Amino acid sequence: MLSVNKRAALLSVVLLIVALGAWEISVTRQVMGEALTEYEILMGVGQPRAAVPPPSDVIIKAWEQLSNPFYDNGPNDKGIGIQLAYSLYRVLSGFALAAALAIPLGFLIGMSPVAYKALNPFIQVLRPISPLAWMPLALFIIQDSEASAIFVIFICSVWPMLLNTAFGVAGVRSDWVNVARTHELGSLRTALTVILPAAAPTILTGMRISIGIAWLVIVAAEMLVGGTGIGYYVWNEWNNLDLTSVIFSILMIGLVGMVLDTIFATLQRAVTYAE
Amino acid sequence: MSKPFLSVERLSQTFPDGAGGMLTVFENASFGIEKGEFVCILGHSGCGKSTIMNVLAGLAEPSAGVVKMDGVAVSGPSLDRGVVFQNYSLLPWLSALKNVTFGIKARYRSWSREKVVEHATQYLAMVGLEGDVIHRKPSQLSGGMRQRVSIARAFANQPKLLLLDEPFGALDALTRGTIQEELLKIWSQTEQTVFMITHDIDEAILLADRILLMTNGPFARIAESVEITIPRPRRRTEIVEHPNYYAIRNHLVQFLGKRSKELAGRASGGESQSPEPVRIDLTAPNDDPEPAPQKPILHAVNG
C-alpha cells in the first residue's frame, strides 16, 4: 500500500492527464478538406476559424518561451522572463513601501487604544476601495504610469499588513509585557525583543495576504498602464489573438503567485511558536 | 525599632465595584520583611494577595500607602524585584536557556555573551535542568520544567527581593514536592529575600520563615504573622515529625477555616493594621501547652 502522499501525487497526475486529454479531444482541429473552389476561397471558407488552442499547442508554446525567456525584440515582443521580472519588480517595490509604512503604524495602533480609535474610521473607509479605483487619481497626481502602478500595489497591500500588525500587537499576552516591565526594558527594546516576536506570526499572515492581493492586482494594473509586465503581456497577446500565449501566461501568473505564497508561508512557519 | 529591609506602610487598594461604589480590597495594611527572610502569605482566593504582590512588583499602583525597600519608596517595576508568575510567563519563542539569558542580559548589560550563558547555565543546573533540555522551547517542556526555568530566570538576576505568585499552583502534587525542594536548595545557596503567595499550608510551612495570614475580603487584613519554629534545613519527610509541625499546622487550618471569616469585613477606621506576631514552639523551655503569642524575633512594622 502506498503512503498517503504518494497516492495523492498519483491522483494529481491522473487528474491532470484526464483534464488535458478531455481538453485536447473537445477542441476539434480544423482539417483542410478537399480543394476549394475559387468562390469558396474568395469567401474565406479556407481561413482557420479562431478557436481555443489545444493543450499540446500550449505546451509547445511554453517550451519555446521558457527555453528563451529573456529575449527582447522591441516593445511588443519581449520574453516571458522579462515581463514577469517587470511585474515582480512593481509588486515587490509597492509591497516593500507598504510594509515600511504599515508595520510601524500598525505597532502604534496596536499599542495605543487612542490611536486605534482615531485611525479606525479612516481605515474602514479606505480599505474596501478597489485599488484600481485609485489609478486615475494616481496617474494625475504622480504623472508617471510606472510609479502609479507601484502606488496601486502599495495601496492594496497596505491594509492587510496594517490591520494584522495592529491586531497582533494588541493581542500580545500581558504576561509577556509584564516580563519586559519587570526586567526594566525600555519601549524600543520591549517592542523589538518581546512584542515583535510575539506578534510576528500574525504580522506574517498579514504580509502573506498582502502579497497575494498585490499579485492579483498587478495583472489588472498592467493591463491599464501598459508597456511592460505580465498583465500587459496577456492583454497584448489577446490583441494579437494569440490565445496560446494567453493561456500560457495565465499559467505562469499562477505559478509565480504560488512561489510568492510559498515564500511567505515558509517565513510564517519560521516565526511561528507553540505556546 | 529599626526599619526592616522591606516595609509596607498603610497600603490600601480600592476598585470601583461596578455599581457606582468603591470596593475596598484591603486598607492600611502594614508589614515588614527582613533581608534574607522567606515569607509566605496565605489566604483565601479574592482576599487581595495577588494585589499586594502586584503592588510590590510595581505592576500595579496602590490607592494609598507606600512600599519602601532599603528605606526608599519604590514605584514601578524594577530589576531589584524579580517576579515568578503562576503561569511561568516564559517567552515561547525562546529556548529555556535564552529565556534565562534574556533576564541576565537586561540585568547585567556589560557582561560578555560567554559570561551570560555561563551564568544562565549555572542557575538552570541549580534547579536541575542540564544538558540538551535547556535548548528546548517551553512548549517542549513539562509544566514542572517550565516553572523551574522561570525560577532560574528570577534567581539568576539576583534581585534584592524575589516575588513568587503561587508558583506551584498549576503543578501536580508530586512535581510540586520536587520543585519545592529545588526552590529551598537554590534559596539556601543564594540567601535571597523571598515573598511568596500560596494556597497550600504544607508548602508554606516547608518553605517559610514566617507566614502572613490574611482574612477574607473585602476589608481584608493581614491578621497574623506566624513564625515557623522548625529548624532548617527542612525536608518534607522530616518536618512532619517535628513536634511543632502539627501545632503550627492546626493553627493555620483553624485560621483559614474559621477565623479568616470571623475577622473579615471590618473597616480599619483609619488605624494602621499590622499583623499580630504568633510564635508556636512546643520545644521551648517553658513548654506552654497552649500555643500563645510570644514576643517574636521578627517584628511587624507599625506605620
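**Figure 1. Val14(A), a partly exposed residue in a predicted model.** Val14(A) counts as partly exposed because its relative accessibility is 43%. The model shown here and in the other views is predicted. Val14(A) belongs to helix α1 of chain A, which covers residues 4-26.

**Figure 2. The nonpolar surface patch that includes Val14(A).**

**Figure 3. Pro121(A) in helix α5 of chain A.** Helix α5 runs over residues 113-126 and contains Pro121(A). With a relative accessible area of 46%, Pro121(A) is partly exposed. From Pro121(A) to Asp175(A) the C-alpha to C-alpha distance is 30 Å. In sequence, Pro121(A) and Asp175(A) are 54 residues apart.

**Figure 4. Cys40(B) and Cys47(B), two buried cysteines.** Cys40(B) counts as buried because its relative accessibility is 0%. Cys47(B), at 1% relative accessibility, also counts as buried. A disulfide is a covalent bond between the sulfur atoms of two cysteines. The cut-off used for such a pair is a sulfur-sulfur distance within 2.5 Å. For Cys40(B), the closest cysteine sulfur is that of Cys47(B), 14 Å away, and therefore too far for a bond. Seen from Cys47(B), the closest cysteine sulfur is in Cys40(B), again at 14 Å and too far for a bond. Over all chains, the count of disulfides by this rule is zero.

**Figure 5. The helices of chain A.** The secondary structure of chain A consists of eleven helices and zero strands. Along the sequence the pattern reads α-α-α-α-α-α-α-α-α-α-α. Helix α1 (residues 4-26) holds Val14(A), and helix α5 (residues 113-126) holds Pro121(A). Among contacts in chain A between residues at least 6 apart in sequence, 73% join residues at least 24 apart.

**Figure 6. Dimensions and surface of chain A.** The C-alpha trace of chain A spans about 95 × 65 × 30 Å along its principal axes. The radius of gyration of chain A is 25 Å, whereas a compact globule of 275 residues would have one near 19 Å. Of the 275 residues in chain A, 41% are buried. Chain A exposes about 15,700 Å², and carbon and sulfur atoms supply 70% of this area.

Conventions: Residues numbered from 1 in each chain as written. Chains lettered and ligands numbered in written order. Predicted model: local features only at pLDDT ≥ 70, side-chain atom pairs only at ≥ 80, totals over all residues. Heavy atoms only, no water. Patch = residues over 30% accessible without salt bridge, like charges linked within 9 Å, V, L, I, M, F, W, Y side chains within 5 Å. Areas by Shrake-Rupley, 256 points an atom, 1.4 Å probe, with all protein chains shown as cover. Salt bridge = Lys/Arg side-chain N within 4 Å of Asp/Glu carboxyl O. Helix = DSSP H or I, 4+ residues; strand = E, 2+ residues; numbered from the N terminus. Buried < 20%, exposed > 50% of the residue type's maximum accessible area, 1.4 Å probe, protein only. Rg over C-alpha atoms; globule rule 2.2 N^0.38 Å. Contact = heavy atoms within 4.5 Å.
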